Amino acid sequence: MGAIHREGPVSNRDAKILIAGAGLGGLTAAACLLIAGYDVEVYEQAPELGEIGAGVQQSANSNHVMRHIGVLDRLEAVAFRPPVTEFRIFNTGEVLQELKLAEGHESRFGGPYLQLHRADFHEILAARVIELDPAAIHLNSTATGYEESADGVTLLLADGRRINGDILIGADGIKSVIRRQIVGDIAPSYTGDAAWRLTVPTDRFRDGFLEGKSSIWVGPDKHAVVYFLRGGELLNCVMAVESDEWDTESWTEKRPWEELKGALAGWHEDIQAIIDAVDKDRCFRWALNVYEPVDNWNTARATLMGDAAHPTLPYLAQGAAMAVEDAAVLTRCIEQSSSVAGALSLYQDNRIDRTARVVRESHRNRALFHLQSVEELKAQFAKRNMDKERADWLYSYNPLTVTLEPGRVAA
Ligand SMILES: Cc1cc2nc3c(=O)[nH]c(=O)nc-3n(C[C@H](O)[C@H](O)[C@H](O)COP(=O)(O)OP(=O)(O)OC[C@H]3O[C@@H](n4cnc5c(N)ncnc54)[C@H](O)[C@@H]3O)c2cc1C
């Protein structure tokens with residue numbers, strides 16, 4: 001698609017924008033930029049579009065963007081809307097605190113809280129990009145790096161193709177090659193946590209199981225996040241378990257069911273019911289790494305977004321939401337700035353502290369969720385008000401309207 005006429009600073013008006021990676025972040029960026037009238041090409045390594053079978057939660061700060069790109073209704077049609085998230089003690093199930101996620105979330109923050117199957121989310125985003133420009137997404141296109149000059153940037157692909165553009169966005173995820181070129185190798189350190197992921201059809205549980213509520217079960221050295229998907233047809237569970245054994249950062253690594261059962265011995269009967277109901281050959285485990293936030297993810301014509309820029313532990317359920325926010329803010333910065341370098345610098349100034357805060361707060365939650373005794377859990381939770389904390393800085397952010405300022409913007 002050629003660039004359509006736009007009002008705006010002359011030098012960015014006809015920019016051709018290359019995106020490496022068609023994950024949740026890259027696709028959202030493509031949709032935002034296409035709606036703004038830019039010429040966009042997305043290069044994805046996979047031979048076909050798709051996502052794995054697990055859940056992802058999206059709060060109002062992300063869903064403003066989903067409404068803007070015209071997919072919120074479609075997402076709502078396939079989502080589950082939880083009434084609350086309860087923080088519960090691992091063995092007794094006692095509720096320590098709750099976050100209000102139904103009407104309370106929407107009326108306070110202007111958008112819904114949705115629990116989505118990742119495959120549905122990805123498919124809806126990809127369909128929207130294809131509606132906006134049927135030729136935008138290029139599959140079987142593995143990025144290996146880029147070259148840049150004063151006149152443009154060239155994305156290098158593994159099969160030898162060289163793709164020219166004005167701006168390159170590295171949206172190529174946690175193992176990003178674009179990040180390696182911009183930032184250098186940043187060595188991850190293993191958290192000590194491995195995350196099991198399970199999805200189970202809900203007809204395998206007793207009627208009214210967990211009352212549709214989402215829950216975070218906290219206890220010594222581990223926690224479990226449980227929520228519903230697809231209007232309640234599926235239950236999604238991620239169990240983060242401290243483990244000395246490091247395995248790969250991959251969603252498709254299977255492990256023996258007996259290992260999971262053993263790791264959660266002594267946990268509440270509802271957690272046992274979930275483990276007992278899962279297909280025993282469908283227990284996946286992913287090693288969770290921590291990456292120190294970086295100070296600069298730009299060059300003159302290349303930038304990063306999503307997990308490529310600021311990989312985070314999932315303990316605030318905000319990694320994909322940050323990628324979505326990045327997409328909207330970056331688009332606004334390109335529209336508002338009179339040069340590519342100015343746009344990328346405005347983008348970084350307005351995103352780096354907020355995303356670093358998500359990384360830090362997620363890590364902080366690990367310590368809280370894994371406290372060693374019920375007494376300590378009760379004492380520490382009594383000092384926190386999760387609902388207010390998240391309202392104050394996290395869910396109340398709207399990437400479409402937040403003021404964009406040059407200079408590093410505190411989160
Ligand atoms: C257990 C767990 C639970 C989570 N829960 C939540 C949640 O509830 N809410 C939330 O907001 N976030 C959650 N997250 C985080 C979220 O999954 C990620 O932050 C999000 O998927 C990042 O999106 P992305 O587009 O940046 O990267 P990715 O989704 O990793 O997409 C990267 C894309 O780039 C492609 N690619 C990679 N390398 C290349 C290359 N060299 N060339 C071309 N293409 C390439 C990949 O194939 C992929 O399509 C969770 C994460 C985990 C591990």
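Two strands pair if DSSP finds at least two bridges between them. Helices (H or I, at least four residues) and strands (E, at least two) are DSSP runs, counted from the N terminus. What you're looking at is a predicted model, where local features need pLDDT of at least 70 and side-chain atom pairs count only at pLDDT 80 or more, while totals for chains, interfaces and linings use all residues. Residue numbers start from 1 along each chain as its sequence is written.

**A hairpin takes the chain from β8 to β9.** Four residues make the link between β8 and β9. The two strands run antiparallel and share five bridges, with β9 covering residues 153–157. To find your way along the pair, look for Glu148, whose bridge partner in β9 is Val153. Another pair to spot is Tyr146, which sits opposite Leu155 of β9.

**β8, β9 and β10 line up as an open sheet.** The three strands come in the order β8-β9-β10, and they pair in the antiparallel sense. At the edges are β8 (143–148) and β10 (162–165), each with pairing on one side only. Ignoring direction, neighbouring strands here are turned by 25° against each other on average; axes are lines fitted to C-alpha atoms, for helices over the stretch in contact, and angles run from 0 to 180 degrees between N-to-C directions.

**Another open sheet has five strands with parallel pairing.** Read across it and you get β7-β2-β1-β11-β17. Its edge strands, pairing on one side only, are β7 (137–138) and β17 (302–304). Inside this order, β1 (residues 16–20) and β2 (residues 39–43) pair in parallel over five bridges. One spot to check is Ala20, which stands opposite Tyr43 in β2. Helix α2 packs on the sheet and touches β1, β2 and β11 (167–170), and its direction makes about 165° with that of β2. Contact here means that the C-beta atoms of two residues, placed from the backbone, lie within 7 Å.

**The ligand sits in a shell of 33 residues.** Which residues come closest? They are Gly21, Gly23, Gly173, Gly306 and Gly319. The elements giving two or more residues are α2 (24–35), β3 (55–58) and α10 (319–336). α10 gives the largest share, four residues. By class, the shell holds 19 nonpolar, 11 polar and three charged residues; Ala, Val, Leu, Ile, Met, Phe, Trp, Tyr, Cys and Pro count as nonpolar, Asp, Glu, Lys and Arg as charged, and the others, Gly among them, as polar.

**α2 packs against α10 at an angle of about 25°.** The axes of these helices are 8 Å apart. The pair therefore counts as roughly parallel: that label is for angles under 35 degrees, with over 145 being roughly antiparallel, 65 to 115 roughly perpendicular and the rest oblique. On the α2 side, look for Leu24, Gly25, Thr28, Ala29, Cys32 and Leu33; they meet Ala320, Ala323, Val324, Asp326, Ala327, Ala328, Leu330 and Thr331 in α10. The contact has 10 nonpolar, three polar and one charged residues.

**α3 packs against α10 as well.** The angle between α3 (residues 60–68) and α10 is about 50°, and their axes are 8 Å apart. That makes α3 oblique to α10. This crossing is left-handed. Asn61, Ser62, Val65 and His68 of α3 meet Ala321, Val324, Glu325, Ala327 and Ala328 of α10. Sorted by class, the contact has five nonpolar, three polar and one charged residues.

**α11 is another packing partner of α10.** With α11 (residues 340–369), the angle is about 160° and the axes are 8 Å apart. α10 is therefore roughly antiparallel to α11. The crossing is right-handed. From α10 come Met322, Asp326, Val329, Leu330, Cys333 and Ile334; from α11 come Ala343, Leu346, Tyr347, Asn350, Arg351, Thr355 and Val358. The contact has nine nonpolar, two polar and two charged residues.

Terms used: Near = placed C-beta within 6 Å. Left-handed = near helix turned anticlockwise from the far one by under 90°.
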